[in-house]
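These are my notebook entries on a structure I went through by element and by chain. I set down what I looked up and what I found.

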Amino acid sequence: MPGSFKYGVSTYSYVDDYGSVMTLEDAFDHIADTGATGIEILGEGQIEGFPNPSSQFLDRWFGLLDKYKLEPTNMCSWVDMRITLQRNLTIEEGAAELERDLRLAHQLGFKFLRPKFGVLSHDLMPEPQWEAYTERNLELAHELGVVICPEIHAPTPIKHEVVDGYINFIERTGTKNFGLMIDTGIFQDRPLTHWGSHQINEEARKHMEFLNGIKVPPEHFLDVAQYVVFIQAKFHDIDENLEDQNIPWKPVISAIKRSGYSGYLSSEYEGWRAPWRSIDQVRRQHALLRKLEREFDEGKFA
Amino acid sequence: MLEHQLIQSTGFRNFGPVGAREGFAIRIRIPNYHGTRLSQLDGFDVTVDGVYYDHEINRFGIRDEVYTMAEMREETTARWGLAEWGEILVDKPGGLEPGVHKIEVLARIRYSYFPPDVHIFPMHAERYGTICIA
């Protein structure tokens, strides 16, 4: 039997609530109470004083991890490629951004770092410098025990040159400190009604067709599973019958289970940002995913 | 803590000497899900009671600093944290009358990970706000 999943929650789930109706400790409480064992954060979000947190913040961070029995999973970061309107980062500056975030992730106990690279196109081709500034940091990532994992996110499907580029990089360098993060939004097969705090109108739909779902066949996960190190369990709306309105979880969980993946499923709620809505949406997702994993293990579906 | 919505109730005020107000301020939380360098913001268009004030002219205040649009575009060190507020400073001799006003803000946030032609992403918010003191 394949291994079991680990369950986590990203604080991204609580955007807008966080800092207005939710403190850092509230977020820990909500996450731990789902039964999750891992917390994922937005580096320049939950880390007060980013990129140089105070010792008081660090004490608080480790105190909360201990109190709520959570382990740090992934830290999200950004490489500000278009640093100003006038110019882009050099490779040296890109390397420095990544180094800063690797060291910070390690300092806080994270094992994964998800950098967002700058992109050049609507199918999210990364700017070509990513490879050079990432390669310069592979040795450091190895020393720190952190895996760098760019995310495969809609509108980019699995069978795409963006993914091929990352896999070629892994094969060429032989590194164990770079892998793929899969955002389950790529499996979305029905249209969204809300994106963040906004109801989606026809105008937005026209410009951002991916809001209707790019419908990656879940079976494609198996083709890249050996390179996948982390999964952000993106979702938008789960009703009171535990029916997800956008993500077809049953075939998705089936494919992930059959691949043998035993890492984190880290909840990323990205639905309607009404105050407090996210908290119970995350709980519903955990109930749903745990139920599906149990049923798969019991042979109720394959 | 901040209010949930982008445009905050508190902080909507006139600035400049009483009797010779220079303009008004709108307090907002960061129009993004994470903190950023100030250079990742490309200003704020403001419309109050139907009157438009352009992002190239409006200034931005955070902590004890005020930035013009040109300064903010080049500010790659100072950052705006997720839990901090900033304020848009709009020149308007005389300020706004005390009372309720319709406020619209179009925040122009830059994402390096969005395609180049749409990398300045508009985030729109509107609400009523109240000026307490003339």
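I take two strands as paired if DSSP finds at least two bridges between them. The model is predicted, and I read every entry below with that in mind.

**Entry 1**

I first looked up how strand 3 and strand 4 of chain A are joined. They run parallel and share 5 bridges, so the pair meets the requirement of at least two. Strand 3 covers residues 71-78, and strand 4 covers 112-116. Within this pair, I noted Ser77(A) opposite Pro115(A) of strand 4.

I then asked how many residues of strand 4 of chain A are buried. The count is 5 of 5, and I recorded the strand as mostly covered. In a regular strand, side chains alternate between the two faces of the sheet.

**Entry 2**

I traced the whole sheet of chain A next. It is open, has 9 strands in the order 5-4-3-2-1-11-10-7-6, and is paired in the parallel sense. Which strands stand at the edges? They are strand 5 (147-148) and strand 6 (151-152) of chain A; each has a single partner strand, so one side of each has no neighbour in the sheet.

Strand 6 of chain A pairs with strand 7 of chain A, residues 180-183, in parallel over 2 bridges. Glu151(A) stands opposite Met181(A) of strand 7.

**Entry 1: cis peptide bonds**

I noted a cis peptide bond between Phe50(A) and Pro51(A), with omega about 5°. Pro51(A) belongs to the loop that runs between helix 2 and helix 3 (55-68) of chain A.

I noted another cis bond from Ala154(A) to Pro155(A), where omega is near 10°. Pro155(A) sits in the loop between strand 6 and helix 7 (161-173) of chain A.

I looked up Lys69(A), which has a positive phi of about 55° although it is not a glycine. Its place is the loop between helix 3 and strand 3 of chain A. I also looked up Leu124(A), another residue other than glycine, whose phi is near 65°. Leu124(A) is in the loop between strand 4 and helix 5 (129-135) of chain A.

Are these two residues buried or exposed? Lys69(A) is exposed, since its relative accessible area is 61% and the cut-off for exposed is over 50%. Leu124(A) counts as buried at 17%, because buried means under 20%.

I found Arg205(A) in helix 8 of chain A, residues 202-207. Arg205(A) is buried, with a relative accessible area of 16%. Apart from neighbours within four places in sequence, I listed its contacts as Pro191(A), Leu192(A), Thr193(A), Ile200(A) and Asn212(A).

I turned to Gln226(A), which lies in the loop between helix 9 (220-224) and strand 10 (228-235) of chain A. Gln226(A) is exposed, at 67% relative accessible area. I also recorded a C-alpha separation of 19 Å between Gln226(A) and His142(A), which are 84 residues apart along the chain.

**Entry 2: the interface of chains A and B**

I looked up the contacts between the chains: 40 residues of chain A touch 31 residues of chain B. The size of an interface is often given as the accessible area lost when the parts come together. Here, about 2900 Å² is buried between chain A and chain B, and carbon and sulfur atoms give 59% of that. On the chain A side, Glu44(A), Arg82(A) and Leu85(A) lose the most area to chain B, together 24% of what that side buries.

I then listed the polar features. There are 22 residue pairs in polar contact between the two chains, counting pairs with both residues at pLDDT 80 or more. The rule finds 3 salt bridges across the interface, one of them between the side chains of Glu97(A) and Arg37(B) at 2.4 Å, N to O. Helix 2 (43-46) and helix 4 (91-108) of chain A each supply at least two residues of the side that touches chain B. The largest share, 3 residues, comes from helix 2 of chain A.

Definitions and conventions:
Residues are numbered from 1 along each chain as its sequence is written. Chains are lettered from A and ligands numbered from 1 in the order in which they are written. This is a predicted model: local features need pLDDT of at least 70, side-chain atom pairs count only at pLDDT 80 or more; totals for chains, interfaces and linings use all residues. Side-chain values use heavy atoms; hydrogens and water are left out. Helices (H or I, at least four residues) and strands (E, at least two) are DSSP runs, numbered from the N terminus. Buried means under 20% relative accessible area, exposed over 50%, partly exposed in between (1.4 Å probe, protein chains only). Contact means heavy atoms within 4.5 Å. Buried area is the accessible area (1.4 Å probe) that two parts lose on being put together, summed over both. A salt bridge is a side-chain nitrogen of Lys or Arg within 4 Å of a carboxyl oxygen of Asp or Glu. A polar contact is a pair of N or O atoms within 3.5 Å; within protein, one must be able to donate a hydrogen and the other to accept it, and residues adjacent in sequence count only if both atoms are side-chain atoms.
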